[in-house]
Amino acid sequence: MTPTRSSSSRWARLRTAALSTLLLSSTFTQAFYLPGVAPAEYKDMDAVPLMVNALTPGSDSELKSVIPYDYYDPMFNFCQPEGGPRAQPESLGSILFGDRIWDSAFKINMRAPDKCRELCKREVTPAQAQFINARIKENYVTNWLIDGLPVGHLRGSRSKDQEKQLYSIGFPLGVDAGNEAPWFNNHYEIEIDYHHNLQKDTLRVVGITVDPISVLEAVEDTESCGTKTGERMPPMILSEKATTLVTYTYTVKWNEVPTAWATRWDKYLLVGEPRIHWFSLVNSIIIVLFLTGMVAMVLLRALHKDISRYNQQEAQEDFQEDFGWKLVHGDIFRTPSYPMLLSIIVGNGSQMFLMASVTILFAALGFLSPSNRGSLATVMIVFYMFFGVVAGFISARLYKMFGGEAWKANVIGTAFLFPAVIFGSFVALNFFLIGAKSSGAVPFGTMVGLIALWFLVSTPLSVLGSYLGFQRPKIENPVRANQIPRQIPDQVFYLRPIPSMLIGGILPFGAIFIELYFILNSIWFHKIYYVFGFLFMVFGILIMTCAEVTILMCYFHLCAEDYHWWWRAFFTSGASAVYIFLYSVMYYFTTLHIKSFTSVVLYFGWTMIMSIMFFVLSGAIGFFSTFAFVRKIYGSIKID
């Protein structure tokens, strides 16, 4: 049927209104955050420490590796401060994400410009040169921090309008000259923006950029070391056949800007092409809401009709045989196969769901400031540990409802099965990082700390939850199960287990695939992800689609006299994780240019871990939605 002009115009008005509403809230959804820490106040000539962090693959070009390296790795042979570098304190999440922060040899003083200051001279051996040149060809960037703010380089040219100036984190280690030898950046043009706080008459750092330059010989006592004299200076090329003497130099320039300290992160958090992002998300949300609205309407109307017809049938004198989903009322609550395993993964899925929900809510409200490095990962781990009590409680309640008697095995399985799979995979991938001598390898002490959190916090809480769950009375179902199972007729193709699960997983994936692209970009290209307003809305859509699609597929199966719904409810919504993994595979072949074996293993290993975690999370949503639906409809009809 061809749509009329009025229906088309209504659709256009609906889409325009939704887009306008979301654009008005773009400030909240894109970069709303609390400053998080107190500002550092400086006076003229006060020392401004420059910290160095791990080197990572570039964020503005092709990604050819996923392995970070320590700044003071002997193969880089960078300048070190007197007495050796000192590690800076870091949070658990910061360490897990590969941050390795040290002090540096740079001497910077507030509002004190420097012209061509020599940092040090280093001899680079052929082996080191080969290593550095390989990293340059893989587009690695150098990461520094000043006053907790990452040093960046400008996206495009410098603009007079500070509000429109955007930064990318880090700056190139060198320049890939194609067929020629790479150029190594050994001179740094440091430009620091500061804000003058008139109330306290103090100065605050609000922005840092570095323009790295490759120069064979610096001209001392000249601005920019003679690199901007109009003539092209010979670049610094590291020889892979002989030792190369490298002179590191830097200049410092100070700019007073009106940018307030509380908004200094905006340059890093603004999303490129926000209108395209919004437009795609709005269309996705409207389509998903439209489809789920139709699903809910059809389902509710059909169910209301069925329940009324079944109940009216009881009042008729002429007996009529049951039909439809009422036929399987004697088998609908029959204990599923592997009841212990089902109760365990549903409990762990509930734990994951609550952890994700609370973390996203806190982030959307702005409590996870980007200035607190690793705060997102730290909060996720803390919430996961404390919600272990929920996993134990739900697992015990379900297992008791299924009539299970091996309660000790259930308690142990809930506390250790799923965490052991994730932690074991994490440890295995960590060995690959150790083999690559990467700074991303989690230190032994941090690993012991994670194990301590698992055994001393999560496990006791899980056991406590199991105890509370087994102490509660057994959940009574509205219909008793018959002793003899009913034979299930042959099912049409799309209602068979695997096809129906794959069909059910498409819609939840469709609700999140746009945001998934930005999340993958943030993870692998080392960009700051801070559009938690988008993520909060998408997560809400995900919950609705998982619930409604799973309920709809369950209804179709029951009408076809297939009462094996327990496991299918979990797998139908959980199947969206399959599409996430396949999308990640497509992302690998279309966006990334990774070639090394270690990087490939790390990429697909972490992708598999994320897919498994999403599988149990979305599966738990589908399971509880279908469980409530089945109890509701069979509790609404009269059964002899």
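These legends describe close-up views of a predicted model. Local features need pLDDT of at least 70 and side-chain atom pairs count only at pLDDT 80 or more, while totals for chains, interfaces and linings use all residues. Residues are numbered from 1 along each chain as its sequence is written, and side-chain values use heavy atoms, with hydrogens and water left out.

**View 1. Strand E3 (residues 140–146) and its burial.** Strands are DSSP runs of at least two residues and helices (H or I) of at least four, numbered from the N terminus. Seven of the seven residues of E3 are buried, meaning under 20% relative accessible area with a 1.4 Å probe, protein chains only. Tyr140, Thr142, Trp144 and Ile146 point one way, and Val141, Asn143 and Leu145 the other.

**View 2. The antiparallel partners of E3, including E1.** Two strands pair if DSSP finds at least two bridges between them. Six bridges join E3 to E1 (residues 50–57), with Val141 as the partner of Thr56. Val141 also stands opposite Pro172 in E7. E3 and E4 form a hairpin with two residues between them, where Asp147 has a positive phi of about 55 degrees.

**View 3. The hairpin of E10 and E11.** Eleven bridges join these antiparallel strands, and His196 stands opposite Leu203. Four residues lie between the strands, and Asp201 takes a positive phi near 55 degrees.

**View 4. The largest nonpolar core, of 140 residues.** Such a core is a set of buried Ala, Val, Leu, Ile, Met, Phe, Trp, Tyr and Cys residues joined through side-chain atoms within 4.5 Å. Trp144, Phe184, Tyr188 and Ile190 have the most contacts inside this core. Helix H16 (residues 597–634) gives the most to it, with 14 residues.

Definitions and conventions: Buried < 20%, exposed > 50% of the residue type's maximum accessible area, 1.4 Å probe, protein only.
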